[in-house]
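Open the structure in your viewer and keep the selection panel at hand. The stops below are meant to be taken in order.

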Amino acid sequence: MDPQKDFTDLEGAYAKNHSITQIQEVKARINILTKRLDKNRFVIIYSNYQKDQFGDGILMCLKSTKGHDIDIAFDDAARLISKIQHSSFSSEEFKTYLKDNRIRTLILCGFLAEYCIRQTAIDALENGYDVKLLKEFIGTGDDVQHRKQAMLYDLENKGATTINGIFDCE
């Protein structure tokens, strides 16, 4: 989720306010994961935000900008779905994909744990989905790692399961 340069690149908007060493480590792990997974079993969710959507001067993941570009390894067979809010459930295409494919378990990984991963997991749990969080594949700014830990704890208390490695979900 949200593997875009505004979140993952040293020149991205997020890195202007946060050190992103942990995000870059997670990106490297995700790049290994995308090569190993069946292309029909995962979806890349990316953000299509609007100018100032989250406050004046907050410009992230805007179409036609370098920060909007997806910054993980994937091939043409990958399924790409956009969202307009933190939660992937803000995307009708995502909800339709889940329904059409009879998906009941979501295994989440990606960036900005305390926003997009968190809200997608909450919405999934509220809609009766089984949620698994790939702990080592979820990133956020180095200075806000406590938010990631709080998010994991909170979501576990709400019914999500934390997975410590990719081998636990294969």
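Predicted model: local features only at pLDDT ≥ 70, side-chain atom pairs only at ≥ 80, totals over all residues.

**Stop 1: Lys 83**

Select residues 79-83, which form strand E2, and pick out Lys 83 within that strand. Is Lys 83 buried or exposed? Its relative accessible area is 0%, and buried means under 20%, so Lys 83 counts as buried.

Now show side chains. The side chain of Lys 83 makes a polar contact with that of Ser 47, at 3.1 Å. Next, select what else touches Lys 83, leaving aside neighbours within four places in sequence. The contacts include Met 1 and Asp 2, the run Ile 45, Tyr 46, Ser 47, Asn 48 and Tyr 49, and also Cys 116. Ser 88, Ser 90 and Ser 91 are in contact with Lys 83 as well.

**Stop 2: helix H5**

Select residues 145-158, the 14 residues of helix H5. At 1.5 Å a residue, the helix should span 20 Å. The C-alpha atoms at its ends are 20 Å apart, which agrees.

Colour Lys 148, Met 151, Leu 152 and Leu 155, which are buried residues in H5. Turn the view to look down the axis of H5: the buried residues fall within an arc of 100°, so they line one face of the helix. On the face turned away from that buried side, find the exposed residues His 146, Tyr 153 and Asn 157.

Technical notes:
Residues numbered from 1 in each chain as written. Heavy atoms only, no water. Helix = DSSP H or I, 4+ residues; strand = E, 2+ residues; numbered from the N terminus. Buried < 20%, exposed > 50% of the residue type's maximum accessible area, 1.4 Å probe, protein only. Polar contact = N/O pair within 3.5 Å; in protein donor to acceptor, adjacent residues only side chain to side chain. Contact = heavy atoms within 4.5 Å. Expected span 1.5 Å × (residues − 1). Arc of directions from axis to C-beta.
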